[in-house]
Amino acid sequence: SGTSYCGRGTDWSHLSIQDARYEFGKAADMGKLHMCQWLAEYYDFSALDIVSNQNRALRYATQNGHIKVCQWLVEHFNLTVGNGNKKNRLDVRVANNSAFRQAAHNGHLEVCQYLTMKFNLTKKDVTCRNNYALRKSAQKGHLEVCQWLTHHFSLTKTDAQTNKNEA
């Protein structure tokens, strides 16, 4: 769908399931929890519906710091943690833990903390992609996130400079 209807007073009954999934992702992107909830109910979304495209709705919510949307997605759709295997489409680690990485990259400490607590993320999880979470949060000047990452996961200068782990 090229045009987003999210947030407009539109008759939703004509939308295809694919368009509705797209709108769901846009609602998560904008932090519109009630719209996400309504679309999920109206279209009777399953967890597999909302995690299409490598957990797009969760990634959008986390990259923009929409903690309530993030929490609702995880709880309502019973998202799990596994080994990042793309065949387990409910795995929040799909796409190299992109939901966590995007939250850190954009300075959303509360989201990082929630995902870490909820899924017992480890040092290996958060240092994937050449330590993307720490590097990008530092590049963007998110000091509080950098301090939390280094303290919570006991990251050293060596970890920060040389980690090549591709979890």
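The model is predicted: local features need pLDDT of at least 70, side-chain atom pairs count only at pLDDT 80 or more, and totals for chains, interfaces and linings use all residues. Residues are numbered from 1 along each chain as its sequence is written, and side-chain values use heavy atoms, with hydrogens and water left out.

**Helix α1**
- Helix α1 covers residues 17-29, 13 residues in total; helices are DSSP runs (H or I) of at least four residues, numbered from the N terminus.
- From first C-alpha to last, α1 reaches 18 Å, close to the 18 Å expected at 1.5 Å a residue (1.5 Å times one less than the number of residues).
- The buried residues of α1 include Phe24 and Ala28; buried means under 20% relative accessible area, with a 1.4 Å probe and protein chains only.

**Aromatic rings**
- There are eight aromatic pairs in the structure, where rings of Phe, Tyr and Trp (its six-membered ring) pair if their centres lie within 6.5 Å, and planes under 30 degrees apart count as stacked, over 60 as edge-to-face and the rest as tilted.
- Tyr43 and Phe45 are stacked, at 6.0 Å centre to centre and 20° between the planes.
- Tyr43 is buried at 14% relative accessible area, and Phe45 is buried at 8%.
- Trp72 and Phe77 form an edge-to-face pair, because their planes stand at 80°, with ring centres 5.5 Å apart.
- Trp72 and Phe77 are both buried.
- One aromatic cluster is formed by Phe24, Trp38, Tyr42, Tyr43, Phe45, Trp72 and Phe77.

**Charge over a ring**
- The charged end of Arg101 sits over the ring of Tyr132, 4.9 Å from its centre (NZ of Lys or CZ of Arg within 6 Å of the ring centre and within 35 degrees of the ring normal).

Notes:
Helices (H or I, at least four residues) and strands (E, at least two) are DSSP runs, numbered from the N terminus. Buried means under 20% relative accessible area, exposed over 50%, partly exposed in between (1.4 Å probe, protein chains only).
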